[in-house]
Every structure is written in structure tokens, then in C-alpha cells.
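This report is written for a reader who meets the structure for the first time.

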Amino acid sequence: MGEQSLDVLTASSFYVCFTGTLEINCSKEIKIQGVIGPCTSLEKKGPSVADSIIGEGNTTAWKMCVLDKSTCLTVMFDLSSSDRANTPGAVNPQLYLQFLTSYQDPTGQSVLRVTTVTRRGVDSTVSSEELVQGFDQETAEVVMARFASLKMESEETFDATRFLDW
């Protein structure tokens with residue numbers, strides 16, 4: 001085997017990917033506040049960018065130098081009621097999120113993975129039962145831990161115990 005073939009095999013066994021980007025498209029009712037994780041902003045502006053920023057925000061696209069199976073990004077969204085009509089009896093809109101992830105695999109091949117999620121909006125003022133059925137406790141714990149870690153790094157007087165007890 002040549003030296004280059006050995007390098008590709010070694011990289012393949014760890015399956016490390018390079019030059020990754022994440023871009024998010026979403027319904028007009030959803031705003032992207034930011035991402036917590038190993039990425040940096042590509043400063044791509046648009047109507048889906050929220051006014052409030054969490055982590056790497058003020059964009060709809062991010063750059064990741066290296067990706068592997070343990071790479072984890074937490075995307076924070078804002079679904080504020082001020083952008084929606086709160087008319088009783090109004091039909092809730094069909095919401096969607098589309099994640100476009102591109103990267104270069106260990107063989108040098110460019111890959112684009114597109115994941116689209118859609119569901120009808122839920123009016124929490126009428127019934128929270130549908131929200132409760134779709135709630136993932138473990139995911140919520142991880143998101144809150146990552147959010148608390150971010151706040152501890154960026155805010156000098158942040159009290160994690162008080163925040164997490166909230």
C-alpha cells in the first residue's frame with residue numbers, strides 16, 4: 001500500500017470529515033438565535049436571523065473545521081408569539097426546518113446532507129398536551145447544560161446553580 005492509501009484508511013477508521021458547513025433554512029415564523037458548539041459564524045444574514053443572540057449567532061450558516069460522529073451542535077431558535085397572529089380559531093401554520101450539512105469525507109469526496117423536518121405549529125394557549133407528548137427530557141437536560149456552560153464562559157457573575165434551579 002502507498003502512503004496516501006494508508007492515510008485514507010487511517011482517516012476512514014476514525015471517519016473524520018473536513019471543511020464542514022451547516023446552513024439552516026426555516027419557516028418565516030422561526031428565527032435562529034445561534035449555535036453552541038465547535039463552529040464559527042459565516043455571517044450569512046437573512047430574515048431568519050433573530051434579534052437575540054445565543055452562542056455563534058447573527059447568521060444562518062456556520063463553518064466547522066472537523067466533523068466526526070461525536071460532533072454535537074445545539075441550535076437555538078426563537079418562535080416568538082409577536083410574529084404570529086394570535087387569533088382564536090386560526091389555523092396553525094405548517095412549520096419547517098431544513099439543515100444543509102456539507103463536508104469533505106476522508107476520501108476527498110464532497111458530501112451534502114439535507115435534513116428537513118416539518119410539523120404543524122402548536123398553540124400552547126389552547127392545549128399543552130401535544131407539546132408534552134413530543135418533549136424529550138434527556139435532550140432538554142443536555143441543551144440546558146450546554147447553555148449554562150456557555151453562560152459561565154461568557155458572563156463573569158453568572159450563577160449556574162441558580163440558573164439551573166430556575
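## A threonine in a loop

The backbone nitrogen of Lys 44 lies 2.7 Å from a polar atom of the side chain of Thr 59, and the side chain of Thr 59 also reaches the backbone nitrogen of Glu 43, at 3.4 Å. A polar contact is a pair of N or O atoms within 3.5 Å, where within protein one must be able to donate a hydrogen and the other to accept it, and where residues adjacent in sequence count only if both atoms are side-chain atoms. This is a predicted model, in which local features need pLDDT of at least 70 and side-chain atom pairs count only at pLDDT 80 or more, while totals for chains, interfaces and linings use all residues. Residues are numbered from 1 along each chain as its sequence is written, and side-chain values use heavy atoms, with hydrogens and water left out.

Thr 59 is placed in the loop between β3 and β4; helices (H or I, at least four residues) and strands (E, at least two) are DSSP runs, numbered from the N terminus. With a relative accessible area of 0%, Thr 59 is buried, where buried means under 20% relative accessible area, exposed over 50% and partly exposed in between, for a 1.4 Å probe and protein chains only. Leaving aside neighbours within four places in sequence, Thr 59 is in contact (heavy atoms within 4.5 Å) with Ile 32, Ser 41, Leu 42, Glu 43, Lys 44 and Val 49.

## The strands

An open sheet of five strands, with antiparallel pairing, has the order β3-β4-β1-β6-β7; two strands pair if DSSP finds at least two bridges between them. β3 (40-41) and β7 (110-120) stand at the edges with a single partner strand each, so one side of each is left without a neighbour in the sheet. Two bridges join β3 to the antiparallel strand β4 (residues 61-67), and Ser 41 stands opposite Trp 62 in β4.

β2 is joined by five bridges to strand β5 (residues 74-78), and the two run antiparallel. In β5, Asp 78 is the bridge partner of Lys 31. β2 is mostly covered, with six of its six residues buried.

## Two nonpolar cores

A nonpolar core is a set of buried Ala, Val, Leu, Ile, Met, Phe, Trp, Tyr and Cys residues joined through side-chain atoms within 4.5 Å. The largest one has 16 residues, and those with the most contacts inside it are Leu 22, Ile 24, Ile 32, Trp 62, Val 75 and Phe 99. At least two residues of this core come from each of β1 (17-26), β2 (31-36), β4 and β6 (94-104). A second, separate core of eight residues includes Ile 54, Met 76, Ala 148 and Ala 160.

Val 143, in helix α3, is partly exposed at 23% relative accessibility. Apart from neighbours within four places in sequence, Val 143 is in contact with Thr 74 and Met 76. The C-alpha atoms of Val 143 and Met 76 are separated by 9.1 Å, although the two residues are 67 apart along the chain.

## Aromatic rings

The structure holds two aromatic pairs. Phe 147 and Phe 163 form an edge-to-face pair, 5.6 Å centre to centre with 65° between the planes. Rings of Phe, Tyr and Trp (its six-membered ring) pair if their centres lie within 6.5 Å, and planes under 30 degrees apart count as stacked, over 60 as edge-to-face and the rest as tilted.

This pair links distant parts of the chain, with Phe 147 in helix α3 (residues 137-154) and Phe 163 in helix α4 (residues 160-165), 16 residues apart. Phe 147 counts as buried at 16% relative accessibility, and Phe 163 is buried with a relative accessible area of 16%. Together with Phe 158, Phe 147 and Phe 163 form one aromatic cluster.
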